Each structure stands twice: as structure tokens, then as C-alpha cells.
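This report looks at strand pairing, aromatic pairs and salt bridges. Please keep the sequence and the model in view while reading.

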Amino acid sequence: MANGRRNVLPLIVAGLIGVLLIVGARLIFSGSGDEPSSGDPTATQETFDPNCTQVTVAASSEKAALLRDLAAEYNATRPEVNGTCVQFRVVSKASGGAAEALARGWDERVDGPRPDVWSPASSSWAVLVEQRLAAQDKPNIIPKDYSSLVQTPLVVAMPRPMAEALGWPDQPIGWSDLLDLATNPKGWGAVGHPEWGKFKLGKTNPHFSTSGLNATIASYFAATGLSSDLTVADVQDPDTREYVKTLESSVVHYGDTTLTFLDNMYRAAEQGKGLTYVSAVTVEEKSVWDYNEGNPTGDPAKAGQQPPPSVPLAAVYPSEGTLLSDNPWVILDADWADDTKQTAAAGFLTWLQRPEAQEQFQAFAFRSYEGVPGEVINEANGMIPTEPTVILAPPAPSVLKAVEDSWDELRKRARVLMVLDVSGSMGEPVPDAGASKIDLAKQATIDAVEGFAPDDEVGLWIFSTELDGPDKPYLELVPIGPAKDTVPLIVGDVENLVADGGTGLYATLKAGQKQMVADLDTGRINAIVLLSDGRNEYPPDTDLDGLLRQLDAESVDTSVRVFAIGYGDSADRAALEAIAEASRGAYYDASDPASIGKVLTSVLSNF
């Protein structure tokens with residue numbers, strides 16, 4: 001995706017240095033930024049006293065569940081401000097999503113409960129909001145000063161046998177070592193393991209994820225051998241660009257959250273494929289511990305529900321340097337956050353920074369707000385407490401903007417087949433939307449495909465039943481080709497779609513996947529984006545198991561990944577999740593049809 005990115009990231013990157021000026025030596029970047037975008041934005045404690053002032057905290061998803069537990073503990077102490085009792089509720093909200101909502105004006109119908117306190121993964125998001133509000137000539141709601149809640153560094157997580165093959169934990173491992181693997185025609189055979197195939201990187205999109213941005217910045221530093229003072233000339237240097245482009249070519253796909261990679265890694269390991277799905281993924285250090293505990297989501301409530309993975313991860317701290325997240329506690333200076341709420345929020349932070357509360361964070365592999373690791377951060381658990389030893393100093397805003405522009409040019413290109421359900425149920429009206437499901441999906445699709453880069457490749461199929469004769473429930477409207485040529489055609493065809501017929505899901509996907517494999521371009525991200533609002537209703541093909549076998553039979557080096565969207569509350573979520581899992585893609589929930597625009601944006605962040 002290109003156009004949408006360029007509207008957002010210049011603000012992000014310009015804001016990063018502004019934060020550094022505010023917080024000095026505290027490095028602000030998120031280690032993950034990979035908070036699951038599907039996290040429940042409205043989850044709260046079970047009960048509240050209606051006579052108390054309620055203070056809402058929107059927290060990045062990787063720490064929201066733990067913070068929610070701590071809030072319940074704090075609420076039990078019956079805190080007061082000037083004789084008024086106060087209670088805290090914590091909602092989970094991805095940092096980027098919260099930043100966008102705060103900048104445009106928080107809409108509780110779309111964004112969930114409006115926060116009085118915001119704790120994103122990184123202070124960079126707070127500066128982004130401040131700058132976007134200024135650009136719109138709106139009042140600034142970001143305070144001048146805010147403190148850290150916890151810290152965690154960005155790492156490159158690798159299946160432990162792979163990390164050990166590169167010398168972990170005794171030998172330093174850097175981006176250049178990964179580049180060597182990516183460019184070596186022997187792949188992992190260069191270090192004695194040809195059975196592992198090519199080196200494959202999982203990396204989130206820097207326009208959506210802070211970890212993706214951090215990893216991208218780090219790769220430019222690695223290319224130049226610098227740890228500070230990166231210049232625009234350095235970014236534009238042909239050797240630097242070639243280094244970054246080659247590293248990006250090893251990416252299996254991008255995305256808005258690393259949870260997709262971690263979930264797929266866990267399932268692959270249980271199927272005996274843990275060393276062939278991906279070789280490395282950039283995540284927070286904390287995520288390594290969560291994964292190795294059998295809980296890739298990091299939700300304390302899910303701890304112990306799954307066994308530890310058969311192939312654990314090891315945290316590699318790039319020898320060229322890494323970045324930290326500071327998880328700021330931003331008490332919003334907004335009309336709705338009155339003095340009582342602000343005072344209460346400051347008191348809660350003081351309580352959270354006590355050693356007793358910090359120890360609870362450390363028990364879940366966060367480092368304290370001062371950067372002190374807890375006991376669980378140890379080599380046995382795949383982490384090294386004395387690392388990182390090199391912290392990168394981010395470059396100037398103009399340089400970061402150059403990084404953004406350069407990445408847009410150098411990122412791995414995509415080859416995507418859009419497959420849209422046009423069955424009769426898509427014509428159902430959406431309450432309070434003044435439109436049908438197909439109307440909302442059409443507009444969301446038009447908006448989304450406009451963001452493909454001109455040299456991405458994209459095509460469009462639709463399906464219901466008997467669209468192209470009695471044996472074909474699908475119809476190819478726009479063959480896959482360069483987006484500069486196909487997007488205008490897709491937009492025109494989508495505008496004219498009508499809802500009719502049943503749902504020929506399985507036969508359509510089998511045919512689409514077969515065609516994608518036949519025309520595979522191994523230099524691109526090959527994927528199908530599937531949107532369906534119902535269950536398979538096509539008697540000639542009811543074989544879901546056969547479809548799953550077909551999707552899973554592919555070589556992991558030549559996969560066509562399916563990113564499946566369950567649209568509306570009648571979608572066959574179980575089947576769509578199984579389809580996504582078999583193809584090593586991801587499932588996205590759009591059970592609320594009004595969310596389809598956001599969901600499609602998240603889906604297309606994979607490319």
C-alpha cells in the first residue's frame with residue numbers, strides 16, 4: 001500500500017525526534033507496536049460504583065489485560081480525590097488506532113470508550129497526535145510532560161535452534177548476518193541446515209506498526225554502520241538502498257500486528273513445521289516470553305491454556321543496536337478529563353510505579369519503567385538480561401521522512417487477488433448505517449485498493465452461485481495485473497456490484513488459489529483477500545477438508561496466503577479461521593459491518 005502511508009508516516013517520523021527533545025535520554029520507540037488490532041476495545045472490569053468518578057485508560061493491547069488486573073486491585077483500595085471516590089477501567093486499544101481516533105476526534109460509536117488516560121506502546125504516538133491536532137488547528141490534548149509506565153526493547157525473535165546456529169547466545173548477531181542468509185543461495189544450508197530452506201523474515205508494516213518502523217530505521221543504521229547522525233544522503237546512498245531492499249525481499253508479508261506471525265509460528269511448530277514458516281520476526285522482548293509460555297497473545301487470562309511451544313524462541317538483540325519502548329502514561333489535557341480525573345490518574349501512576357506493582361509487570365517480562373529486568377528475563381527463557389548493549393539514537397525528522405519515502409520504494413511488492421462475496425445476503429441493510437452490507441463493502445474496497453503502489457499487482461473476483469455458468473460460482477472481473485492499470489478497472493466494477501444468489505465459497509477459493517499458484521511470482525507477496533458474509537451454500541462443492549488440504553499442501557516457500565474477512569454476524573467464522581490458518585494467513589473479524597473500512601485497511605497492511 002502506498003498512498004495512505006504517505007499521508008500518515010511523515011507525521012509519525014517527524015514526531016519521533018520531538019519526543020526525544022522532551023524526554024531526553026528516554027528512548028521512545030515501541031518494541032512491538034504489534035498490539036492485536038482485533039483486541040476487545042470495550043473490555044472493562046466487571047463492576048463499577050455509579051457514585052464514583054470513572055477514569056478510563058486506553059492502553060496498548062500487549063499490556064492492557066495486565067493493567068486491567070492492576071486497576072481492579074487499585075480500585076479495591078477505594079481511592080479518593082478531595083473526598084470523591086474514583087475508579088479506573090482499562091480498555092484495550094492499539095496505539096496507532098488510538099492515535100488516529102484522538103487526532104480526528106474520538107467517536108465512541110466507532111472507537112469505544114473515550115479515554116482520560118492514554119498509554120500507547122511508545123511516546124511517538126503521543127507526539128503524532130499533538131502534531132496532527134496542530135495541523136488541523138485543533139486544541140492540543142497532549143500534556144507537555146508524561147512518565148513511563150514500563151519498558152521493553154525491540155528484538156529479532158528466532159526459533160531457538162536457528163538462533164543457536166548463528167551463535168546465540170554467545171556470539172553477537174546483527175542485521176548484516178540476517179542479510180547474509182537472505183542473499184546466500186544456500187540459505188540456511190550456509191550454516192549447515194539446508195532443511196530449513198531460505199531465510200524468511202516476518203516484519204510488520206512501518207506505516208501501521210511501531211515495531212515495523214523501528215526495524216526499518218534499524219536496517220538503515222545497519223546498512224551505514226552508524227548508531228547516530230544518520231543523514232538524508234546516507235538514506236539515499238545506492239549501497240544503503242540495496243542493503244535495505246535485499247533485506248525487505250526476505251519478508252514473507254507485512255501486517256499491522258506481529259500476533260499473526262506468532263500465532264502461525266506456534267501452529268507451525270505443533271505441526272512439525274516450526275523451522276520453515278519464518279526464520280525471524282521483529283517483536284517486543286516481552287513477546288518472546290509470552291510465546292515461550294504458550295501464550296502468544298500475552299493476555300494473562302490465557303496463560304496456561306496452551307502448552308509451551310515445541311520450538312521456543314530466542315531474543316536476538318541486533319549487534320548494530322536496537323530501540324526501546326517507554327509505554328508512556330499520558331494524562332489527556334482534554335475537556336472531558338477534568339481536574340478530578342487528572343489528579344486521580346496521577347495518583348494511579350504513582351501506585352503503578354511502586355516496586356510491588358512494577359514487580360507484577362516484571363513477572364510478565366516487562367522491564368521496569370527505569371529499564372530494570374525481572375527474574376523471568378533470562379537465558380533459559382530465551383532472553384538476555386544484560387542486553388541490549390547498544391541503543392540507537394534516532395535521526396532527525398527530515399532523515400526519518402527520507403527513510404519513510406525510501407521504504408515505500410524498496411519494500412517487497414505484492415500480488416493480490418481480491419475475492420468478494422456478492423451473495424444475496426450482502427444486500428441486507430445495516431442498522432443505523434443507511435446502507436446495505438454490499439454498499440459498505442464496495443466503498444471500503446474502493447478506498448482500500450486506491451492505496452496499492454502502481455507496481456503492485458492486483459485483480460478482482462466475485463462469487464455467489466452460478467455467476468459464470470452452472471459449474472462456476474465465481475467470476476473473474478479484473479485479471480491480476482499492475483495496479484496502475486487494474487485499480488481503475490476494479491473501482492469501476494465494484495461500483496456496479498449487486499447482491500444476488502447463494503455463497504459458493506469453497507469452489508471459488510479452490511479455483512482462485514489454484515490460479516494464484518500456477519502464476520506464482522516468488523519475488524512478491526502472493527495473497528488472496530477473501531471477504532464473505534455467509535456459509536458455503538454451493539452443493540457441488542461442500543468439501544472444506546479438501547480445501548484446507550489444498551491450502552496446506554503448498555510449500556512454505558511458495559505459499560499463497562489467504563487473509564479472510566468474516567463480514568457480518570452470519571459469516572462462517574470457524575471455516576474462515578480454518579482457511580486462514582491452513583494457508584498461514586490471518587482471519588479478520590468484521591462482524592460489525594460498519595467496521596469494514598478499518599478492517600480492510602488492516603488486511604491490506606500485509607502488503
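Which residue stands opposite Val155 in E8? Val283 does. This is a predicted model, in which local features need pLDDT of at least 70, side-chain atom pairs count only at pLDDT 80 or more, and totals for chains, interfaces and linings use all residues. Residues are numbered from 1 along each chain as its sequence is written, and side-chain values use heavy atoms, with hydrogens and water left out.

**Strand E8**

Helices (H or I, at least four residues) and strands (E, at least two) are DSSP runs numbered from the N terminus. Two strands pair if DSSP finds at least two bridges between them. Strand E6 (residues 152-159) pairs with E8 in the antiparallel sense, over four bridges. Strand E7 (residues 201-202) pairs with E8 in the parallel sense, over two bridges, and Val281 in E8 is the bridge partner of Gly202. Buried means under 20% relative accessible area, exposed over 50%, and partly exposed in between (1.4 Å probe, protein chains only). Five of the five residues of strand E8 (residues 280-284) are buried, so this strand is largely enclosed by the rest of the structure.

**Aromatic pairs**

Rings of Phe, Tyr and Trp (its six-membered ring) pair if their centres lie within 6.5 Å; planes under 30 degrees apart count as stacked, over 60 as edge-to-face and the rest as tilted. The whole structure holds 14 aromatic pairs. In one of them, Tyr74 and Phe88 have ring centres 5.8 Å apart and planes at 55°, so the pair is tilted. Tyr74 is in helix H2 (residues 61-75) and Phe88 in strand E3 (residues 84-92), 14 residues apart. Tyr74 is buried at 11% relative accessibility, and Phe88 is buried at 0%. The rings of Trp461 and Tyr474 are stacked, because their centres are 4.9 Å apart and their planes are at 5°.

**Salt bridges**

A salt bridge is a side-chain nitrogen of Lys or Arg within 4 Å of a carboxyl oxygen of Asp or Glu. A search of the whole structure finds 28 salt bridges, including those in the table.

| Asp455 | Arg413 | 2.8 Å |

Asp552 lies in helix H19 (residues 544-552) and Arg584 in the loop between helix H20 (573-582) and strand E19 (586-590), so the pair ties together parts 32 residues apart in sequence. Asp552 is partly exposed at 28% relative accessibility, whereas Arg584 is buried at 6%.
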